Every structure is written in C-alpha cells, then in structure tokens.
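The report below goes through two chains, the place where they meet, and a few individual residues. Please keep the sequence and the 3D view at hand while reading.

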Amino acid sequence: MEFNVNHPILFVLVGIIIAAVLGQSTYFLVKAIRRAKELGIAGSTVKSTVISSAIFTIAPAIAILVGVVALSKSLGLALPWLRLSVIGSITYETVAAGNALTAAGLEASATIVDPSIFVSVLWVMTIGIAAGIVLVPFVTKKIQNGMLKMGMKDKKWGEILNTAMFLGMISAFLGYVFCDVGLVFSGDTSGLIPVCVMLVSAVVMAIFGGLSKILRARWMEDYALPLSLVLGMASAIPFTAWLR
Amino acid sequence: MKKQGSYMESVHRDGRVWGIVVGLLIMLFPVIVSFIFGTAPNTSVLVKGLLATAPMYWAVGIVEIFTYVPMLGAGGTYLSFITGNISNLKLPCAIDAMERAKVKASSEEGEVISTIAIAVSSIVTTLIIIVGVICIVPLTPLLESPVLKPAFDMILPALFGGLAVVFISKNVKLSIAPIVLMLVLFISVPALNAGTVGIMVPVGVLFTVGVARIMYKRGWL
C-alpha cells in the first residue's frame, strides 16, 4: 500500500483504538455511578461531579488539541490524534517525536514521506511511554491493597497520608511556576508571567470559594476551579504582552 | 448491596481486562502499520530515538505508578494510565471532585467519585479531540493564533494556582515545608523546568509524606 501520513487506513485503525478507549471510560463511568447509588451518595453530588469535571476538562483538552495541530505538520493527523488521546502528555509526545525526528535528521515541521521513518517515530512514541500500560494491570491491586491496609490500621494517618501526597504534587508544580523567576536579575521579566498567572488563578479561586460560603451557593463551588483555570489562562495574554 | 471488598475486586478484575485489551491495541498499532505499509522501522532511527526517550520516561513512568495510584484510586488508575495527561488534567480533576464531594481518597466513596471524574474527563477529552480532528481546517488558524498562544502555554500555572488555594488553606502547617523546598530547588537549580517537573512530583510527594509522618507522630497534625 502506498504510504501517506494521512492515509485513510491510519484513521480507521486509530478510530478503532479510540472507540475502545471510549468504551473503557464509559464502562467505568456507568459502574462507578451504579456503585455511588448503592453507597447512598446523593444524586446531586454525582451530577455535579459529572458536570464540573466535564467543564473543567474543556480548556486543557483544547490545549491538547493545540498539540495535535503542532505535531500534525510532520506526522499527519492520525498519529497525533491517537498519541494525544492515549497515555502520554503534550510534553512527552512532543519530546518523543522530536527525538525520533532528530535521529532521522528531519526538521519538526517537515512532513514525513518515508514510511520506514514514520513507523520508526511511531515505535519510539509508543514504546517510550509504555511503562504504565505494561505494569499497571499487574501492580495496581497490590499498591491499592497496601494503602487500604495502612488506612485500616490507622484511619487518621491514612487520610493525612493522602492529603500529604496531594500537597507534595501541588508543591512540585508551584515550584515549577517559579523556575524562571531568577531571570529577573538579568533583566528578563518573562519568568514572572507564570507567577502572575498562578496568582490570578489563586485569587479567583479564593474569591469564588469565599463567596460560595457566604452566599451558600453550592453551584459556585462547582465552577470555581474551571473558572480560575480559564481566567488564569486568559490573564496570560496581557501579562505576556507586558512582561515579555 | 455489594460489599466493599467485592466491588473493589470487580474494579481490579475489569480494570486488568480493559487495561490488557486496550494496552495491547495501543502496542499493536505500530506492528499493524508496519505490516500494512510493508516496511520495518529504520534501525538507526529507532535505536537512537528510543535511547533518547525510553530510559528517562520508563524510569519516571515506574515512579509515577507508585506515586499516582494511591491518589487516583483503582478505577481512576486503570483509566488514567490508558488515557494519559495525568498530572495536567486527570488527577487535578479527581482531586477537585473529591474535595467538592467532601469524600476522602482513601474511602470507597472517594474511589467512586474519583472514577466518575476521571471517566468523564477522559470521555470529554477524547470527544473534543475527535471534533478538533474533524474540524482541523477551520480550527487551525484559531488554535495556532499567536494571540491565544500565551494562554495555552500557561495552563499549568493557571491550574495549580486554583488547586493550591484549596489545599494549602486547609493544610497550612503541612504545606510550609514542601512549598519552601520546591521553591528553593526550582529557583536555584537551572535544570529544573517544565521538562523535569514530572521527576520532581515523586520527590515532592515522598518529602511531604515524610514530613507529615514526623508531624503526625509528634501530634502536630
């Protein structure tokens, strides 16, 4: 078959995998909603979880779509569509594709015409991040059971442990926000952009969190994080114009 | 009603089956494409590309499994490690959902809410990308617009600013040490940046758990 990065057969194959991914997500969604009912979790709580998770996802999903467009210049549309719909992230896929294209001596913007190079890039992107796919089915139960046992032994510590893990992750990303702040001393203020964006997002969250408590408006709480995310992102536009 | 044990058992059983089936499909894709176009990968490109990519991402991937599984819950883990974008989308989504539903990640209620949030997030992401792929021609100028670029570049600061307010305000004492450590590290070590933040997540998690244990033992929490 004559090769083309946008060959229809690639879209058919990717479509089949994406359908399986959607099937898995839908299966677990239905299973969890049924269990929520059995556990007596209020229908309104489940509904608000569904709605706010969906709304929260829109902006990051559009950012992922930007990654699809960027990668489609060299890889065609089908491969980035698959890779950014399954395990990995924009950062990983861009790095993995870049490493493979560099190894092939190609520019990131040049469309691949050699099928052998295309499948090489495809193999690198797939195998490079396969640790999770290979190991998760076999180790998750052991890790979860270990956590459950710990939680049963000392319930309070079990809860603190989870909070500590969340805080550890959040603190790493807060550190990242400040990674280029030092550039200010050499006259480059662009390192302050992420700090300003983070502050806008934090202030929006604090205002909405406070207002929802004062006004007892639960719906505000549901939309606080998506709103802080979108307003934070929007503030990046004037901050970038000002500080770069 | 099913007992907790039997529900969790069924999540693990179904998660393994789905994980293996969908995982196999993902891993078989390069094989099938090679077969269809009648070509093998270029050995030099494959080896060089993998050497530059796999050692780091496999190491990070293995550490991520142990870091993220307890936070995502069982159902959330089986979904997230297939659909990806964990730290920049799935986990924040699950954390926010559990916080708003006032359930603990270590409880079965937390497991269920986390799974619902991650499943919805996965479905919405997949659907948005499908729509984007179908409408790629009219959408490309908008998605590549230089005006909007800074907004897409700043998604992580915008995401973690809001999330940090919720968690730090509720856990001020426990937050101080990890935040100070990460600020000092990220500001003073030039190698720590957007590309390496993933490696620092397990470091932050282990450090915070250690600090929490000491504070808990001394009765400070």
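## Chain A

In this predicted model, 61% of the contacts in chain A between residues at least 6 apart in sequence join residues at least 24 apart. The secondary structure of chain A consists of nine helices and zero strands, so that its pattern, read along the sequence, is α-α-α-α-α-α-α-α-α. Taken along the principal axes, the C-alpha atoms of chain A fill a box of roughly 65 × 55 × 30 Å, and 50% of its 244 residues count as buried.

## Chain B

Chain B likewise has nine helices and zero strands, and from the N terminus on its elements run α-α-α-α-α-α-α-α-α. The C-alpha atoms of chain B fill a box of roughly 65 × 55 × 40 Å along the principal axes, while buried residues account for 53% of the 221 residues in the chain. Among contacts in chain B between residues at least 6 apart in sequence, 65% join residues at least 24 apart.

## Where the chains meet

The interface brings 133 residues of chain B into contact with 132 residues of chain A. On the side of chain B that touches chain A, the largest share, 26 residues, comes from helix H2 of chain B, which spans residues 43-83. By class, the residues on this side of chain B divide into 89 nonpolar, 34 polar and ten charged.

## A helix pair across the interface

Two packed helices are described by the angle between their axes and the distance between the axes. The crossing in which H7(A) passes H7(B) is left-handed.

On the chain A side of this pair, the residues that meet H7(B) are A:Phe166, A:Leu167, A:Ile170, A:Phe173, A:Leu174, A:Tyr176 and A:Val177. Their counterparts in H7(B) are B:Leu156, B:Pro157, B:Phe160, B:Leu163, B:Ala164 and B:Phe167. By class, this contact has 13 nonpolar, no polar and no charged residues.

## Two loop residues with positive phi

A:Arg216 lies in the loop between helix H8 (193-214) and helix H9 (218-243) of chain A, and its phi is near 50°, a positive value in a residue other than glycine. With 8 other C-beta atoms within 10 Å, A:Arg216 is exposed, because 12 or fewer such neighbours place a residue in that class.

B:Asn85, in the loop between H2 and helix H3 (86-101) of chain B, also has a positive phi, near 45°, in a residue other than glycine. B:Asn85 is buried, with 28 other C-beta atoms within 10 Å, since a residue needs 20 or more to count as buried.

## A:Leu231 in helix H9

A:Leu231 is located in helix H9 of chain A and has 19 other C-beta atoms within 10 Å, which means that it is partly exposed. Leaving aside residues up to four places away in sequence, A:Leu231 touches A:Val200, A:Ser201 and A:Val204. The C-alpha atoms of A:Leu231 and A:Val204 are separated by 7.7 Å, although these residues are 27 residues apart along the chain.

Conventions
Residues are numbered from 1 along each chain as its sequence is written. Chains are lettered from A and ligands numbered from 1 in the order in which they are written. This is a predicted model: local features need pLDDT of at least 70, side-chain atom pairs count only at pLDDT 80 or more; totals for chains, interfaces and linings use all residues. Two residues are in contact if their C-beta atoms, placed from the backbone, lie within 7 Å. Helices (H or I, at least four residues) and strands (E, at least two) are DSSP runs, numbered from the N terminus. Ala, Val, Leu, Ile, Met, Phe, Trp, Tyr, Cys and Pro count as nonpolar, Asp, Glu, Lys and Arg as charged, and the others, Gly among them, as polar. A crossing is left-handed if the near helix is turned anticlockwise from the far one by less than a right angle, and right-handed if clockwise.
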